[in-house]
Amino acid sequence: MMLRDLDDDALRSAAPLKWALDGPDVLPAWVAEMDFPVAEPVQHAVTAAAATGVLGYPPPAETLGLPDAFAGFARRHWDWPVDTGRVTVLGSVMAGMALALRQLAEAGPVVVPTPVYPPFLATVTDTGHALRAVPLLERAGRYRLDLAAIARELADGARTVLLCHPHNPVGRAWSAEELAELRDVVEPAGARVITDEIHAPLTHPGTAFVPYAQVASSDAPVTTLTAATKAFNMPGLPCALLVSQLREDHARLQRLPPVLTHGATGLGMAAATAAYRDGDRWLAAVRERVAGNLALLQERLADRLPAVRMAPAEATYLAWLDVRELGLAAPARTALERGRVRLEQQDFGPGSAGHVRVNVGTSPVRVEQIAERLVRAWG
Ligand SMILES: Cc1ncc(COP(=O)(O)O)c(C=O)c1O
C-alpha cells in the first residue's frame with residue numbers, strides 16, 4: 001500500500017501546530033505528528049460520525065465497539081488477550097497517567113527512567129509525588145533500563161515505576177527479557193507499574209512488541225495506557241484507553257465521579273474504533289516508511305556528520321541523536337537558527353543534555369532535507 005505524502009501547503013492547513021509555527025523556510029521535525037493523511041477507514045468513520053451527529057456528549061464506548069476493536073488489535077498484533085471488562089476509556093494518555101497516579105498509585109516517590117517524553121516529569125510532580133529520575137544506561141547508542149538503580153529507589157521507598165514502552169525518545173521497544181527483569185525487581189517490592197504504550201503500534205517490522213502486562217503477574221498492580229492517536233496520526237481526536245490488570249483497580253476507576261474520567265470525544269472513539277478494526281494495512285505502510293526513514297537519516301549522518309551518533313530505534317518515528325561531540329550549547333536552537341530545521345526543544349530530563357530528537361514521520365525527500373539542514377547547521 002502506498003502512503004500519500006501531503007505537500008507543504010496542505011500540511012500548513014492540516015497540521016498547523018507542527019507546520020505553521022515558523023515561516024515557510026523552516027522545515028519542522030519536532031512535535032510528534034506525521035506528515036500523512038489519516039487512514040481511509042478513519043477518514044470515513046469520522047466523516048460518517050460527524051454527518052450522523054456524534055457531536056454531543058459521547059455514548060458509552062461499548063456502543064461504538066471500541067473496547068472490542070482494541071482487543072482485536074491487541075490480539076492480532078501482540079497476542080495479548082485484553083479483557084474488555086478491564087478497559088476504561090479516557091480523553092488522553094497523559095490524563096490517564098495523571099488519573100492513575102492520583103487514584104491508583106500509592107503515596108510515595110515515582111521512578112521515571114530518563115530521558116523521557118517531558119510531560120511524564122510534570123505529571124508526576126503535579127499529582128503530588130516525588131520524582132525519582134533514573135537515567136537509562138547507554139552503550140554505543142543502545143539504551144537499557146538501569147535495573148539496579150530502580151531496585152535501589154524501590155528499596156528506598158518508591159512505590160511506582162513509570163515505563164515508556166516503546167520509549168520516547170530513545171526508540172527502544174523493551175524486550176520480553178528486559179521486561180521480565182523489570183518485573184523481578186518491581187513485584188517483590190509490591191510496587192505498581194504504569195506503562196505508557198502509545199507508541200506500540202509503531203514498533204518497526206522485525207521487532208516484536210511485548211506488552212508489559214503480558215510479562216507481569218496476573219495479580220500485579222499494572223496500569224497500561226494506550227491510544228490510537230499517535231500511530232494513526234490523529235492527536236486532535238481525543239480518546240485513550242486504560243487497561244487495569246487488577247479487578248479492584250478497574251472497579252475503583254468505575255466508581256469515580258465521571259468528571260474524573262471523561263474527556264474522550266465521540267469522534268475520537270469512532271476514529272479509534274475504525275483504526276483498530278480496519279487500519280492494519282495503512283499502519284503496515286507507516287511502519288515500513290518510518291523504519292526506512294530512520295535508516296536513511298542514520299546513513300546520511302554517518303556520511304556527513306560522523307561526530308553525531310544516532311540511537312538505533314526499534315519503534316517510533318523519532319530519532320534520538322547524541323551531539324555532545326559537537327560541543328554546542330544549544331544544538332536544537334543552532335539547528336533552527338543556522339539550518340532552518342526545527343527540532344524538539346523541550347527538556348527530556350536527566351541524561352538528555354547534548355541530545356536532540358528528530359521527527360522523521362514524513363517523506364524520504366524531507367528526511368534528506370532534514371539531514372542537509374543539520375549538516376548546514378552543525379557541520
Ligand atoms: C510517550 C507518549 N505518551 C503520551 C503522549 C501524548 O498522548 P496523549 O495526547 O493521549 O496524552 C505522547 C505524544 O507524543 C507520547 O509520546
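Me: Rings of Phe, Tyr and Trp, the last taken by its six-membered ring, pair if their centres lie within 6.5 Å. Which residues do ring pairs link into a cluster?

Reply: The model is a predicted one. In it, the cluster is made of Phe70, Phe73, Trp78, Trp80, Phe209, Phe232, Tyr276 and Trp282. The count of aromatic pairs by this rule is nine.

Me: Why is the pair of phenylalanine 70 and tryptophan 80 called edge-to-face?

Reply: The ring centres are 6.2 Å apart and the planes stand at 90 degrees. A pair needs centres within 6.5 Å, and planes over 60 degrees apart count as edge-to-face, so both conditions hold. Phenylalanine 70 belongs to helix H5 (residues 66–78) and tryptophan 80 to the loop between H5 and strand S2 (87–90), so the pair ties together parts ten residues apart in sequence.

Me: What makes phenylalanine 70 and tryptophan 80 buried?

Reply: The relative accessible area is 0% for phenylalanine 70 and 6% for tryptophan 80. Buried means under 20%, so both residues qualify.

Me: What kind of aromatic pair do phenylalanine 73 and phenylalanine 232 form?

Reply: Their centres lie 6.3 Å apart, with 70 degrees between the planes. The limit for edge-to-face is over 60 degrees, so the pair is edge-to-face. Phenylalanine 73 is in H5 and phenylalanine 232 in the loop between strand S9 (222–226) and strand S10 (240–244), so this pair ties together parts 159 residues apart in sequence. Both of these phenylalanines are buried.

Me: Why is arginine 342 said to lie over the face of tryptophan 30?

Reply: Arginine 342 is at 5.9 Å from the ring centre. The rule asks for CZ of Arg within 6 Å of that centre and within 35 degrees of the ring normal.

Me: Why do strand S8 (residues 192–196) and S9 count as paired?

Reply: Pairing needs at least two bridges, and S8 and S9 share four, in the parallel sense, so they pair. Valine 193 stands opposite valine 222 in S9.

Me: What makes helix H12 (residues 266–278) largely enclosed by the rest of the structure?

Reply: Eleven of its 13 residues are buried, so H12 is largely enclosed. Among them are Gly266, Leu267, Met269 and Tyr276. From first C-alpha to last, H12 reaches 18 Å, close to the 18 Å expected at 1.5 Å a residue.

Me: Which residues of strand S12 point one way, and which the other way?

Reply: Leu318, Trp320 and Asp322 point one way, while Ala319 and Leu321 point the other way. Five of the five residues of S12 (residues 318–322) are buried, so this strand too is largely enclosed by the rest of the structure.

Me: Why do S11 and S14 stand at the edges of their sheet?

Reply: The order of this open sheet of three strands is S11-S12-S14, with antiparallel pairing. S11 and S14 have a single partner strand each, so one side of each is left without a neighbour in the sheet. S12 and strand S14 (residues 355–359) pair over five bridges. Leucine 321 has valine 356 as its bridge partner in S14, and methionine 310 stands opposite leucine 321.

Me: Which value of omega goes with the cis peptide bond from threonine 114 to proline 115?

Reply: Omega is near 0 degrees there. Proline 115 sits in the loop between S3 and helix H7 (119–126). The bond from asparagine 168 to proline 169 is also cis, with omega near 20 degrees.

Me: Is threonine 316 buried or exposed?

Reply: Its relative accessibility is 0%, and buried means under 20%, so threonine 316 counts as buried. Threonine 316 lies in the loop between S11 and S12, and its phi is positive, near 75 degrees, although the residue is other than glycine.

Key. Residues numbered from 1 in each chain as written. Predicted model: local features only at pLDDT ≥ 70, side-chain atom pairs only at ≥ 80, totals over all residues. Heavy atoms only, no water. Phe/Tyr/Trp six-rings, centres within 6.5 Å; stacked < 30°, edge-to-face > 60°. Buried < 20%, exposed > 50% of the residue type's maximum accessible area, 1.4 Å probe, protein only. Expected span 1.5 Å × (residues − 1).
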